[in-house]
Amino acid sequence: MNWADTGAGWSWNPVTDLQQIWAFPFMVNAFRAGTVVAVLAAVTGWFMVLRRQSFAGHTLAVVSFPGAACATLLGIGAGFGYFAFCVGGALVIAAIPRAGQGGGGQESALTGTVQAFLLACGFLFVALYKGFLGGVNSLLFGSFLGITTVQVTELTVVAVLALGALAVIGRPLLFASVDEDVAAGRGVPVRALSVVFLVLLGAATAEASQITGTLLVFALLVMPAAAAQQLTARPALSLALAVVIALAVTWAGLIAAYYSPYPIGFYVTTFAFAGYVLARAGRTLTTTVGRYRTVGAGAVA
């Protein structure tokens, strides 16, 4: 449904357009939930990209689909399925350590196995589901409709707990992410940090799936973080930029989805991809200009 058909439509006046959008309680809840999800996804995704665990994040994004489909089949809230399957999948992936000879290969193999099996389970749950398939489509591609105040509160509580945990383990986790072997030699509990982080990544994936849909949640986890890390190598600034980019693409996606018949997940993914392309192009241009300046200075000398 194109909500622009029921109102005044896009006027190109940001103040007027936002007032029109926020006149609907469900859109206010959508912006609140989107803000919470964007912040948690950006922070968690930043560590995920830094730790080179994007494949694990992609698997957890896929796992959220059978979780939501199973919950729908059982007639319970989809949120329970999101969190149960994502956190459970994270614990299974964490069963294989990353460190040590062959550890990375074992983790990748187990991650791929979990992804394939649970994705097949998701399609089974969809086949067994006899209700309106539009509800399943919203699980796959996201929807800003029907977000209640209770759901916003639940998402906020989970996000506060997850961000608080990341704040506590942030410094040692950063150390272990940059150089795992040196961190282990310094007495950092690398194994425990990996398990805790995967659980937090599962919680972030379960949250983001409720906005972008299970098939496109990976975009919100990886693209803002990847774009921020292209722009700067300073950890604090890069993390802040990831949050800003995630908020921008989420808010822009909500506005675009409100004025069009297409799902929000498409817009969030498109805007996030455009941000990454621009960041990548900017870094390439800066590197090229710097190289030419260096060569020119050497020639003058």
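In this predicted model, the second largest pocket holds about 170 Å³ of space. Its lining is formed by Trp46, Leu50, Leu174, Val178, Gln229, Gln230, Leu231, Thr232, Ala233, Pro235, Ser238 and Arg283. Two or more of the lining residues of this pocket come from each of the helices α2 (25-50), α7 (149-178), α10 (217-231) and α11 (235-258), and α10 gives the most, with three residues. When the lining of the second largest pocket is sorted by class, seven residues are nonpolar, four are polar and one is charged.

Two of the helices that contribute to this pocket, α10 and α11, also pack against one another, with axes that come within 8 Å and cross at roughly 135 degrees. Because of this angle, α10 is oblique to α11, and the crossing of the two helices is right-handed. On the α10 side the contact is made by Leu220, Pro224, Ala225, Ala227, Ala228, Gln229 and Leu231, while α11 supplies Ser238, Leu241, Ala242, Ile245, Ala246, Val249 and Thr250. The contact of α10 with α11 comprises 11 nonpolar and three polar residues, and no charged residues. Gln229, Leu231 and Ser238, which take part in this contact, are also found among the residues that line the second largest pocket.

Helix α11 also contains Ala256. Setting aside residues up to four places away in sequence, Ala256 touches Tyr267 and Phe271. The C-alpha atom of Ala256 is separated by 9.9 Å from that of Phe266, a residue 10 positions apart from it along the chain.

Packed pairs of helices are described by the angle between their axes and by the distance between those axes. For α2, another helix that contributes to the pocket lining, the partner considered here is α9, and these two helices pack at an angle of about 145 degrees with their axes 9 Å apart. The crossing of α2 and α9 is left-handed. From α2, the residues Ala33, Gly34, Val36, Val37, Leu40, Thr44, Phe47 and Met48 make the contact, and from α9 the residues Phe197, Leu200, Leu201, Ala204, Glu207, Ala208 and Ile211. By class, the residues of the contact of α2 with α9 divide into 12 nonpolar, two polar and one charged.

Helix α9 (residues 190-212) also packs with helix α3 (residues 54-74), and the axes of this pair come within 9 Å and cross at roughly 45 degrees. Given that angle, α3 is therefore oblique to α9, and the crossing of α3 and α9 is right-handed. In α3, Ala56, Gly57, Leu60, Ala61 and Ser64 meet the α9 residues Leu198, Leu201, Gly202, Thr205 and Ser209. The contact of α3 with α9 consists of five nonpolar and five polar residues, with no charged residues. Leu201 of α9, which belongs to this contact with α3, is likewise listed in the contact of α9 with α2.

Notes
Residues numbered from 1 in each chain as written. Predicted model: local features only at pLDDT ≥ 70, side-chain atom pairs only at ≥ 80, totals over all residues. Heavy atoms only, no water. Axes fitted to C-alpha atoms, helices over the stretch in contact; angles between N-to-C directions. Helix = DSSP H or I, 4+ residues; strand = E, 2+ residues; numbered from the N terminus. Parallel < 35°, antiparallel > 145°, perpendicular 65-115°, else oblique. Left-handed = near helix turned anticlockwise from the far one by under 90°. Contact = heavy atoms within 4.5 Å. Nonpolar A, V, L, I, M, F, W, Y, C, P; charged D, E, K, R; others polar. 1 Å grid on protein atoms, 1.4 Å probe; cavity = no way out; pocket = protein on both sides within 12 Å on 5 of 7 lines; lining within 4 Å. Points joined across faces, edges and corners; volume = space filled by probe spheres on them.
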